Amino acid sequence: MTEREKMLAGELYSAHDGELKAAHARAIKLCEKLNYGNLSDEEREEVTKQLLGKCGKNTVLGRGFWCDYGSNIEVGDNFYVNYDVVILDVCRVKIGDNCLIAPQTGIYTACHPLERDVRTSGLELGKPITIGNDCWIGGHVSILPGVTLGDNVVVGAGSVVTKSFPSNVVIAGNPARIIKKL
């Protein structure tokens with residue numbers, strides 16, 4: 001398996017691999033264009049399509065958007081990301097239709113091994129994240145590796161989402177828990 005294939009499979013991989021370094025550099029250049037370029041709406045849309053692996057209609061990435069690769073991010077229609085959002089996409093991040101992400105939110109598929117010797121060797125791993133349709137993620141939220149959120153989930157501001165949740169709930173807290181059913 002290539003290092004990229006290991007990465008996407010959630011196995012230990014080396015991020016220092018040439019293919020991965022080139023893909024990461026490409027993503028950084030596209031993020032810099034989005035964040036610092038004086039782009040028209042049409043140009044922003046084109047750069048967004050180049051960056052993301054799959055991009056639905058009406059996708060808006062606010063300034064300060066950063067990701068590892070972009071190609072591992074799939075978003076549905078009517079996707080809105082506010083300012084200063086980070087998606088670490090060493091594994092797949094799949095986000096459904098009609099989703100909103102508030103400022104300074106982090107979606108992190110990236111992990112590091114718990115064993116010191118493996119961690120200090122430079123090997124990394126990840127776990128995919130899935131967010132259903134019609135979700136609203138509040139500001140300053142952290143969504144951790146391996147989480148799946150069902151459809152129509154609202155995540156309260158400042159929450160740390162450490163586990164998966166079903167559809168039609170409001171979750172909040174650190175760690176996040178269900179506070180209301182919708």
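Predicted model: local features only at pLDDT ≥ 70, side-chain atom pairs only at ≥ 80, totals over all residues.
Colleague: Is Asp134 buried, partly exposed or exposed?
Modeller: Its backbone deserves a mention too: phi of Asp134 is near 60°, a positive value in a residue other than glycine. Most residues other than glycine have a negative phi. As for accessibility, buried needs under 20% and exposed over 50%. Asp134 has a relative accessible area of 39%, so this residue is partly exposed.

Colleague: What is the phi of Asn168?
Modeller: Asn168 sits in the loop between strand E18 (160-161) and E19, and is partly exposed at 34% relative accessibility. Although Asn168 is not a glycine, its phi is positive, at about 60°.

Colleague: Which peptide bond is cis, with omega near -5°?
Modeller: Good one to check, since most peptide bonds are trans. Look at the loop between strand E19 (169-173) and strand E20 (176-181), where Pro175 lies. The cis bond runs from Asn174 to Pro175.

Colleague: Which element gives the most to the lining of the largest pocket?
Modeller: The largest pocket holds about 220 Å³ of space. Of its 14 lining residues, Asp41, Arg44, Glu45, Thr59 and Val60 are the closest to the centre. Helix H3 (41-51) and strand E3 (59-61) are the elements that give two or more residues to the lining. With five residues, the most is given by H3.

Colleague: How many charged residues are in that lining?
Modeller: By class, the lining of the largest pocket has four nonpolar and five polar residues. The charged residues there number five.

Key: Residues numbered from 1 in each chain as written. Heavy atoms only, no water. 1 Å grid on protein atoms, 1.4 Å probe; cavity = no way out; pocket = protein on both sides within 12 Å on 5 of 7 lines; lining within 4 Å. Points joined across faces, edges and corners; volume = space filled by probe spheres on them. Helix = DSSP H or I, 4+ residues; strand = E, 2+ residues; numbered from the N terminus. Nonpolar A, V, L, I, M, F, W, Y, C, P; charged D, E, K, R; others polar. Buried < 20%, exposed > 50% of the residue type's maximum accessible area, 1.4 Å probe, protein only.
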